[in-house]
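Reader: I would like to go through the labels used for this structure and hear what each of them rests on. Please set the values against the definitions.

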Amino acid sequence: MTKGRPSSYRQEYAEQAHKLCLLGATDADMADFFGVSETTLNHWKQAHPKFLASLTRGKAYADANVAERLYQRALGYSHEAVKIFMPSGTTEPVYAPYTEHYPPDTPAASLWLRNRQSGKWRDRVEHTGAEGGPLVIRWESGDDGENA
């Protein structure tokens with residue numbers, strides 16, 4: 001015998017949650033969409049394996065697509081495209097195929113490397129004092145040492 005009121009979970013929520021994950025929804029977004037708390041959403045994950053699998057599958061697919069696009073941006077890429085012109089005095093458009101090129105994007109490469117190989121690529125800040133000695137921090141008062 002279960003305690004409390006019946007669950008508001010419905011079988012169709014698994015597919016809806018999957019689609020929301022593909023759109024980048026967070027657990028908070030999904031809880032809001034379903035009109036429940038994040039705690040309830042977490043209970044649904046535990047009680048309904050199909051629901052949890054849908055979330056996991058949707059988030060993994062969306063993350064993989066973003067990672068692929070970030071990777072392409074970091075390296076630069078090209079794709080085939082077509083420009084369509086309608087020169088004056090003609091009755092038919094002119095199709096001009098060409099290759100669109102996007103050069104490597106340095107911030108995308110930096111983000112990729114800092115996340116994938118943080119030991120080698122993380123930002124490092126070194127604090128040293130004069131001539132490489134220890135850093136000395138001195139607080140100076142702007143009121144000539146008198147209390148207000």
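Author: A salt bridge here is a side-chain nitrogen of Lys or Arg within 4 Å of a carboxyl oxygen of Asp or Glu. Asp27 and Lys45 form one, with the closest N and O atoms 2.5 Å apart. The model is predicted, so local features need pLDDT of at least 70 and side-chain atom pairs count only at pLDDT 80 or more, while totals for chains, interfaces and linings use all residues. Residues are numbered from 1 along each chain as its sequence is written, and side-chain values use heavy atoms, with hydrogens and water left out.

Reader: Why is Lys45 called buried?

Author: Buried means under 20% relative accessible area, exposed over 50%, and partly exposed in between (1.4 Å probe, protein chains only). Lys45 has a relative accessible area of 16%, so Lys45 is buried. Asp27 also counts as buried, because its relative accessibility is 16%.

Reader: What makes Lys59 and Asp27 a salt bridge?

Author: The N to O distance between their side chains is 2.7 Å, and the limit is 4 Å, so the pair qualifies. Lys59 lies in helix 4 and Asp27 in helix 2, so parts that are 32 residues apart in sequence are tied together. Lys59 is partly exposed, because its relative accessible area is 28%.

Reader: How many salt bridges does the structure hold?

Author: The structure holds four. Among them is the pair Arg69 and Glu68, at 3.5 Å from N to O. Arg69, at 47% relative accessible area, is partly exposed, and Glu68, at 39%, counts as partly exposed. Shared partners join Asp27, Lys45 and Lys59 into one network of salt bridges.

Reader: How do you know that the buried residues of helix 3 are on the same side?

Author: Those residues are Leu41, Trp44 and Lys45. They cover an arc of only 100 degrees around the axis, so they lie on the same side of helix 3. The arc is that of the directions from the helix axis to the C-beta atoms. On the other side of helix 3, Thr39, Gln46 and Ala47 are exposed.

Reader: What covers the buried residues of helix 3?

Author: The cover includes helix 1 (13–22), helix 2 (27–34) and helix 4 (49–75). For Lys45, the contacts (heavy atoms within 4.5 Å) beyond four places in sequence are Asp27, Phe51, Leu52 and Leu55.

Reader: Why is Asp105 called buried?

Author: Its relative accessible area is 17%, so Asp105 is buried. Asp105 sits in the loop between strand 2 and helix 5 (106–116). Apart from neighbours within four places in sequence, Asp105 is in contact with Arg73 and Ala74.

Reader: Is Tyr95 buried or exposed, and what makes it so?

Author: Tyr95 is exposed, because its relative accessible area is 54%. Tyr95 is in strand 2 (residues 94–102).

Reader: Why is Trp121 called partly exposed?

Author: Its relative accessible area is 43%, so Trp121 is partly exposed. Trp121 is in helix 6 (residues 118–121). Not counting residues up to four places away in sequence, Trp121 touches Leu113 and Arg114.

Notes: Helix = DSSP H or I, 4+ residues; strand = E, 2+ residues; numbered from the N terminus.
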